[in-house]
Amino acid sequence: MLGTTFILALRSIRRHLLRSFLTVLGIVIGVAAVVAMVTLGKATTLQVQKSIASLGTNVLQIRPGQGFGRGGGGPRPPDFDPQDVEAIGKQITGVTAVAPQAQSSGTAIYEGQNWSTTINGTTNGYFQVQPWPLTSGRYFTPAEEASGKAVCIIGSTVYTNLYKTAPALGTRMRIAGISCDVIGILTTKGQSGFGGDQDDVVIMPIKAVQRRMTGNTDVRLILVGVDEAYSTAQVQASITDLLRERRHITGGKDDDFNIFDTKQISDTLSSTTTLLTNIVTAVAGISLIVGGIGIMNIMLVSVTERTREIGIRLAIGAVANEVLMQFLVEAVVLSCLGGLIGLVLGQLAVILLSVLGQLPFIFDVQINVIAFLISGAIGVVFGFFPARRAASLNPIDALRHE
Amino acid sequence: MGAAAGSAVADKAPQTVGDPLIRLRGVTKTYGTGATAFQALKGVDLDIAAGDFVAVMGPSGSGKSTTMNILGCLDVPTDGEFIFMGHHVESLDRDQRALLRRKYFGFVFQGFNLLARTSALENVELPLLYRGDAKAERREMAMAALDQVGLKEWWDHTPGELSGGQQQRVAIARAIATKPAVLLADEPTGNLDSERSIEIMELLADLNKNPGITVLMVTHEREMAAFARTIVHFKDGLVERVEAGHAQGERVG
């Protein structure tokens, strides 16, 4: 019987092609919107997570000051000193590596080429906290770190601008007025999640930067790598206690430094994008319901318009259930067809937008299946009422209907 | 060979072995209730033998259409008995009556009532589809029915591409595709010119002779009724009289 009604439904849809298409337009748009929104939301979340991951996972960033948007007035809190860094590395459990940073900027010069760049003074710990392989050369030696020797590891942007394709290892370039030996070239990391070029950097031993450029031993930023086995929140709490003690902050006074947990940021941003995705999806979902109402509307009109046809069917021996099934199957087939068209359009939208928005392209099987099932369910729900009305018609009245 | 009908002449159908195909006894039909109630049938008694060709005549409001609806199992009597092939139709529910229609009845209407934008073949296939026949069988039977009405070559035309007479032929093909026992025709020539009308009547008479389908037809026109073997006259919700049609004499023994 289902096979019969299926044939009848398909024939009826074929007979009213334009109307059928208009009927399902709402579903088409709804499904396309839901699929596109969910997929793009996931792509965005993925992108954000990737950006955050480039900062290093399980990394704490410690800075003087009270963090974003706070501590406007008063004298600037002091930077950290090398002993703070040492204390964190020695006294806190769960720390894999500590990397102090002292930043400066200056012009790098090699054989007549100039390039203005960031100079990052740190230790080998930096490469442990957020792994960054070299394309060639080596990291610092303990002796170079201890003595603050003028050696540098350069980012790929700096390399390209100063050397083009010429060999750089073993050459001596000038940077901010001092000359230093190039000992390593870093792999390309690309843009950070916040738009900056992470490869536009020259990395030197922190002591070299402090002694020859900043002229003090201040540390503006400490990166702490946290062991996977420990919770970053707990390590953060221990560091807070240690630093409060070392910086003589007592009682109820606020911290004059802040600790940034990249994992926490990652989680926050992810949950924000997820929330946004859900909201936009809900809006798209509403259009699905509107589409369903559209189907019901047209099906009701169709039942009225085809009253005579229903009468003929009843007269030649269709039982009520067959008429009900015919209209129901018609609604379901229609909405499923609409769903399929919607899936294709949604996928095209995803491809287009991921190219325009430079988002990674993902094909989310789950949402496609769910959207399709929902479109079928909408056909059942909104097709039932018109179908029941058709089935309950009296054949004599239906035949007489003009 | 039993002809005929009407309780008044029930005793005139002695050749019929056993019960007639259709038997109405004291059938009444009342529309509405209370003060607005209208009694369309006031106790109709009618017997129709298998193989008969009955024309039902009568002025508007005489109850002939109501009777046809009841005979076609489209409607149920308010009171009285309708026995078809031994079934008490008045006690069957909607779906059971639909199944009875599917199996034993074919319908031809004044307005043809073909599905628009649907080929003649698909129209004829429709009752076979509901009966659940397989595709090949369906096609074969539908084509055979179209052949019987002389429209085999027109199977892929839609009603819009066919003349009125041709449309009615397709409708007849649809009605006989299931090889029904009874063909009910409600003013089958009402929308046709006289030449087409005669063609349709000849077709119905042929179908009555071979394969011997019992034909019940409502008509206003005496010339059309003349094709029948039996003419039943309705008046004021009752069977007024039953007479033999012209075809009576031509009957093959």
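This is a predicted model: local features need pLDDT of at least 70, side-chain atom pairs count only at pLDDT 80 or more; totals for chains, interfaces and linings use all residues.
Figure 1. Not counting residues up to four places away in sequence, L216(B) touches I22(B), I48(B), V54(B), M68(B), L71(B), V182(B), L183(B), L184(B) and A185(B).

**Figure 2. Nonpolar cores.** The largest nonpolar core holds 73 residues, of which L71(B), F82(B), F84(B) and L216(B) touch the most other members. Helix α11 (residues 320-356) of chain A gives the most to this core, contributing ten residues.

**Figure 3. The aromatic pair of F127(A) and Y139(A).** Over all chains, a search of the whole structure finds nine aromatic pairs. In the pair of F127(A) and Y139(A), the ring centres are 4.4 Å apart and the planes stand at 35°, so the pair is tilted. F127(A) belongs to helix α4 (residues 125-129) of chain A, whereas Y139(A) lies in the loop between β4 (134-137) and α5 (142-147) of chain A; the pair therefore ties together parts that are twelve residues apart in sequence. F127(A) is buried, with a relative accessible area of 7%, while Y139(A) is partly exposed, at 29% relative accessibility.

**Figure 4. The stacked pair of Y159(A) and Y163(A).** The two rings of Y159(A) and Y163(A) are 5.8 Å apart centre to centre, with 15° between the planes. Both residues lie in helix α6 (residues 156-163) of chain A, four residues apart, or about one turn of the helix. Y159(A) and Y163(A) are both buried.

Figure 5. One aromatic cluster is formed by F84(B), Y104(B), F105(B), F107(B) and F109(B). In chain A, the charged end of K189(A) sits over the ring of W132(A), 4.3 Å from the ring centre.

Conventions
Residues are numbered from 1 along each chain as its sequence is written. Chains are lettered from A and ligands numbered from 1 in the order in which they are written. Side-chain values use heavy atoms; hydrogens and water are left out. A nonpolar core is a set of buried Ala, Val, Leu, Ile, Met, Phe, Trp, Tyr and Cys residues joined through side-chain atoms within 4.5 Å. Buried means under 20% relative accessible area, exposed over 50%, partly exposed in between (1.4 Å probe, protein chains only). Helices (H or I, at least four residues) and strands (E, at least two) are DSSP runs, numbered from the N terminus. Contact means heavy atoms within 4.5 Å. Rings of Phe, Tyr and Trp (its six-membered ring) pair if their centres lie within 6.5 Å; planes under 30 degrees apart count as stacked, over 60 as edge-to-face and the rest as tilted. A charge sits over a ring if NZ of Lys or CZ of Arg is within 6 Å of the ring centre and within 35 degrees of the ring normal.
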